[in-house]
Amino acid sequence: MSWEAVIGPAAILPLLAAGIRLAMPIVLAAVGECFCQRTGVINLGLEGIMLAGALSAFGAEYSTGSPLIGALAGVGAGLVFGAIVAALVVEARIDQIIVGISIVLLASGITSFAYLDVFGVTSSPPRVQGWPLWEVPVLSDLPGVGVVLFRQPPLVYAAVGMTLVVWWLLARTRLGLSARAVGERPDAAEAVGVSPRRVRWIGVLLSSGMTGFAGAVLISSLGLFQDGVTAGRGWVAVAIVVLARWNPLGAIAGGFAFGLVDAFQLRVQATSGGVDAAVPYELFQALPYIMTLAVVVLAAMRFRRDAQPAALGTPYVAQH
Amino acid sequence: MKQQRWWMAVLAVLALAGAACGDTDDGTATPADSGDASSTTTAGGASGGDDPVSMALLLNVPQNDLGWGQAAYEAATELESEGEITLQVLSDVPEDATSTARAVEGLVDDGVELVFAHSFNYGEPLKEVIGDFPDTAFAYGGGFGDVVDNLADYDQPFHEPAFLAGILAGGVTETGVVGGTAGFNIPVCHAQLEAFRAGAEIGYGAPVRLIEQYVGSWVDAARTKEAVLAGVDQGADVWISCGVADGTIEAAQEADVAVVGYVMDQSPLAPEHVLASVVWNIDEVMRQMVEDVRAGEFPPARYYSATYAEGGTSVAINPDFAGEVSPEALELYEQYEADIRSGDFEVPFVPE
Amino acid sequence: MTSLVGEPTQREATAAAPAPRRSFVGGAASTVVAVVGGFALGAILLAIAGAPPLAAYVDLFAGAFGSRRAVERVLVEASPLLVIGLGLGAAYRAKVWNIGAQGQFDLGAMAATSLIAVAPGLGALLLPGALVVATATGAAVGWIIGVLKARYDANVVITSLMFNYIIFSALAWSVRRPLKDPDGFFPASASIPDAARLPLLFDTRVNVALLVGLAATAALVWLFRRGILGFWIDMVGASPTVAEAAGIPVRRVLVTASVLSAGMAGLAGGLVLLGTEFRLSMTISSGVGFTAIVVALLGRLRPFGILAAAIFIAALEVGGDDMQRTQGVPAAAVRVIQALLVVCLLLANRVSERTAT
């Protein structure tokens, strides 16, 4: 067991880079979900929406060769599922948790079915190339951080930009103010002329679109699709929202923390001697989830529900 | 065009889910509660003759998983196209006793003569039901001679080709560190990785460190990829995989290190990085079983083994990569290959 | 209102009393409509897969109910779904969204295996002891989740889900190390002794897990018709603030609902271990903890509904194999049809509620 190999001077930058790669889909989905939940809607189906985005992006990139079209297709699939979610929770006012669980079931079945039906069983399995790394001029030459932060595929820059835009939207714009108002007191918001219905549609579509994009980012860096490829990242994103206290900047930080712990445990496992190690490798695998649980619990104990939007999870009936 | 069909399908389903769902929609198809027990319309049951054996393949994964399941699926369809068998495939069958039993019972009712259950996890569940079907031949992928009545076991001697691939890896590695990935630490995987290390030491001519990465899932390709990249950062420059090859190969390609393909020749996936592939010619054991069933000799069951020497496995060296292997290692490879073939050398099997 | 649908905030104050129970006929009718709608949508999928939908559905139902053995299979399959689904249904009525039944099930099976490994000499007490331990460990997780929810309002979806991952890692470790059969080749426990196996009912292959499920159904029916706890659960689910004002011990109800659901999931883990699996492995559950969520939802969180849904979903799984075999439909199609049924049911529920009020 060599800590040098995990967090030594030569290892720390690759560790950070791996953390970013593992975190990116989670961060994207979590930031969108922050916005959505601030409007009072829990979009719990992220895991399914991300899967749909992943397959859609994969299919589009595979057939066109363009990662850009792939990314757009990922967003598109997210929006389609988002529209279903919004119709069910905003219009039909069905319980949001139940809708979320159903969406995950639906999407995991549909993606598995569609992948087999479209691509079949081939001996040269389908792959996509993804986007080559794009080096930011000047910045990428910075020693250390330059390599980590400024040599990434374009989708990652887009993702970072998107998360910052959402933070700005929520914190600094009229739409964001409306969203926050609707999440706290939809009746009061409506009284001053904000349409809770419209704002919640925006919230659901925004988070679903971003989650679909997250699926595209995952696929683009991975190069392949397989059943259940998101492997719980959508669920983790929902957890990150809670521990981030519904703050997009917190979600960015929380998502990266999760990715970092995951990257860390993979590196510790690599150096710890495998199955003969004193500490079982299963513990490392559980580490990101243990940390998430711990932080969610601590945050809940420390802050109670003061940050949670008051109307979260509650359907709203227009007053007039 | 397949793609278009897919889009139309998904969109149609989604649109309908949104629009038509809550309303009555019963004109198109009614759930057939009038379904009569005797009205099964199977193709397999029709084989009253004696030639093709009616075989069923039970998979714990989808048949397009690019690895474990697909290798068996392709072998079975090959036998089917040769007219050796009629084939039924059940994919994604959970490996608990209840799911296994219900799948098997349906198959036997359909007149299936040979059930090829392609996972070690099917072993114990099958032992609970085979007694009810003494005339049916069952086989599962245990790999350690676990034969009970009419339940056969067949081996997965990946350690042999993995050892040979390891020799090549030893001739490629510059760091003396190699890596191996698996979903979980199961005996066949452990043996494969250990044999790879043993081979690498021979090819490298010095002790070699093995970085084992157990990902905790057979389907999380993204995490597998990161697990490999983590090991690459710690010096491993040739990789092998047990069950999670796709993420491993993607990572090797990205990190520009060498990798050994799993179960089928995977060099098309990364022509510049796949050094060789551990190939499982699983049709070999299937053929043996089919012949035994046809000859009325199975059941009773026996242990089906197709070792490297018998052609059960092989190594597919990527011709584009062969030039990168040191000549000494290539020579050792040839030598050990011949010795394994002739039985003069036995690759150590280290399941745990 | 004990339906799936949360009431709007504005109405909470006036919705102090649970809304009148919807007539059984209305509920059943909308369920039928939803099932038909779900199957109709599923038919599109089957057509895409190249299977004639009607014939596929015939095969599906023939496979599930066409023979005595098939019916027995359905009942065996339904038993754990019923036990878990009942607990989840009760928790969901209190709006305690435990989606961690999968982990609680695994933990129950692990605990039962541990007891059998540690104290094989318990004799006749081994079987009940294993079930008690399974229930208790599941319930312990439920207690943690429930307390975190009741005292700190920690999101149950998240906490229960994280426990799923953590418990699965523990399961993988336990069958590789402490609970592994020393004579075995694979990561799995030793086979449990015959004394600890659940008896079969008459001369069928259905084991007493079914009776446990039916007894639990009866108990929950009583609980929600006559029991004070059932009333409390529904009140808390309808509106915690109103329930609080009415003097209901809201926190205790939340914890109890969580413990109940997790304990029953743990019990199901024990029942499956002792009734059908007979050994612990990573694949002991086949995702039954997630399928049970569908069962609870399809059953509209009512005990009898959950009983019907458990049998229905079990029939889909059993008959789905036949459909897959005879029509070449991929396994995923059955999962999509299940999900479509749930979504259609939610919508049909909603429509029938609106027309009722």
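In this predicted model, the interface of chain A and chain C holds one salt bridge by the rule applied. That salt bridge is formed by the side chains of E282(A) and R176(C), with a nitrogen-to-oxygen distance of 2.8 Å. Between chain A and chain C, one residue pair is counted in polar contact, with both residues at pLDDT 80 or more. On the side of chain A that touches chain C, the elements that give two or more residues are α4 (67–91), α5 (96–119), α11 (233–243) and α13 (281–303) of chain A, and the largest share, 13 residues, is supplied by α5(A). By residue class, this side of chain A comprises 33 nonpolar, ten polar and nine charged residues. In total, 52 residues of chain A are in contact with 48 residues of chain C. The size of an interface is often expressed as the accessible area that is lost when the parts come together; for chain A and chain C the buried area is about 4,400 Å², and 73% of it lies on carbon and sulfur atoms.

Over all chains, the structure holds 35 salt bridges. One of them joins the side chains of R223(B) and D262(A), with a nitrogen-to-oxygen distance of 2.7 Å. This pair crosses between chains, since R223(B) belongs to helix α7 (residues 221–233) of chain B, whereas D262(A) belongs to helix α12 (residues 248–271) of chain A.

Chain B contains an open sheet of six strands in the order β2-β1-β3-β4-β5-β11, with parallel pairing. Helix α2 (residues 68–81) of chain B lies across β1 and β2 of chain B, and its direction makes about 150° with that of β2(B).

Another open sheet of chain B also has six strands, in the order β7-β6-β8-β9-β10-β12, but here the pairing is mixed. Its edge strands are β7 (209–214) and β12 (313–317) of chain B, each of which pairs on one side only. With direction ignored, neighbouring strands of this sheet are turned by 20° against each other on average. Strands β9 (residues 258–263) and β10 (residues 274–280) of chain B run parallel and are joined by five bridges, and the bridge partner of V263(B) in β10(B) is V279(B). Helix α5 (residues 159–170) of chain B packs on this sheet, where it touches β8 (238–242), β9, β10 and β12 of chain B and runs at about 25° to β12(B).

Several backbone features of chain B occur in loops. The peptide bond from F298(B) to P299(B) is cis, with omega near 0°, and the peptide bond from P299(B) to P300(B) is likewise cis, with omega near 5°. P299(B) is situated in the loop between α9 (283–294) and β11 of chain B, and P300(B) is also placed in the loop between α9 and β11. In the loop between β2 and α3 (97–109) of chain B lies D92(B), a residue other than glycine whose phi has a positive value, near 55°.

How values were computed:
Residues are numbered from 1 along each chain as its sequence is written. Chains are lettered from A and ligands numbered from 1 in the order in which they are written. This is a predicted model: local features need pLDDT of at least 70, side-chain atom pairs count only at pLDDT 80 or more; totals for chains, interfaces and linings use all residues. Side-chain values use heavy atoms; hydrogens and water are left out. Two strands pair if DSSP finds at least two bridges between them. Helices (H or I, at least four residues) and strands (E, at least two) are DSSP runs, numbered from the N terminus. Contact means heavy atoms within 4.5 Å. Axes are lines fitted to C-alpha atoms, for helices over the stretch in contact, and angles run from 0 to 180 degrees between N-to-C directions. Buried area is the accessible area (1.4 Å probe) that two parts lose on being put together, summed over both. A salt bridge is a side-chain nitrogen of Lys or Arg within 4 Å of a carboxyl oxygen of Asp or Glu. A polar contact is a pair of N or O atoms within 3.5 Å; within protein, one must be able to donate a hydrogen and the other to accept it, and residues adjacent in sequence count only if both atoms are side-chain atoms. Ala, Val, Leu, Ile, Met, Phe, Trp, Tyr, Cys and Pro count as nonpolar, Asp, Glu, Lys and Arg as charged, and the others, Gly among them, as polar.
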